[in-house]
Amino acid sequence: MTTKKILGEERRKLIVSWLKTTSTPITGNELAEKTGVSRQVIVQDISILKARNYPLIATAQGYMYIKPTQEEQTVKQVIACQHSPEETEEELFLLVDNRVTIRDVMIEHPIYGDLTGSLMLNNRNDVKLFIEKMRNTKAALLSELTEGVHLHTIEADRMEHIEAAIEALKQRGFLLN
């Protein structure tokens, strides 16, 4: 069954509405199917919406609308880590196992300056899907450009969770001092 093509502004309004009403990411392919357009058109729509200051992010799992109330109720911290690519899954598990959301990964690139990738990993399943996608696409980690050095913005509903996550990383030797 082919979905009738939904045009421009109407499509973008629907995209925002769908993203606002779900707490899980929606892939570009799903949005394309729902609106009868290509995934590339959706990528362009998301860019237009971001330029209009809609709080949208692209994660490995799909697009998300970041609700302001979520951020007001959480504690955030930026942490510096270093480890090999093979230890990435372990690092991410240590964080989510301590009830921390990993919002992003950042590196300092010698040419481009600060580079940030949105992650929004909340649990072991998110981490497994991220690692699986990384392996299937043979994509390099940002940290591979900086000998394993990278930053994460992490958040939790309580500071104790962030402190426990940091301690777990320190015990494992992943925290950069």
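Visitor: What makes the meeting of the Glu9 and Arg52 side chains a salt bridge?

Guide: The side chains of Glu9 and Arg52 meet at 2.9 Å, N to O, and since a salt bridge requires a side-chain nitrogen of Lys or Arg within 4 Å of a carboxyl oxygen of Asp or Glu, the pair therefore qualifies. Glu9 lies in helix H1 and Arg52 in the loop between helix H3 (39–51) and strand E1, so the contact ties together parts that are 43 residues apart in sequence. Helices (H or I, at least four residues) and strands (E, at least two) are DSSP runs, numbered from the N terminus. This is a predicted model, in which local features need pLDDT of at least 70 and side-chain atom pairs count only at pLDDT 80 or more, while totals for chains, interfaces and linings use all residues. Residues are numbered from 1 along each chain as its sequence is written, and side-chain values use heavy atoms, with hydrogens and water left out.

Visitor: What makes E4 and strand E5 (residues 113–121) a pair of strands?

Guide: Two strands pair if DSSP finds at least two bridges between them, and 7 bridges join E4 to E5, so these antiparallel strands meet the criterion. Glu108 stands opposite Asp114 in E5, and the two strands form a hairpin with 3 residues between them. E4 is also joined by 5 bridges to strand E6 (residues 149–156), again antiparallel, with Glu155 as the bridge partner of Thr101.

Visitor: Why are Glu160 and Arg158 said to meet in a salt bridge, and how accessible is Arg158?

Guide: Their N to O separation is 3.1 Å, which lies within the salt-bridge limit, so the name applies. Arg158 has 44% relative accessibility and therefore counts as partly exposed, and Glu160, with a relative accessible area of 44%, is partly exposed too.

Conventions. Buried < 20%, exposed > 50% of the residue type's maximum accessible area, 1.4 Å probe, protein only.
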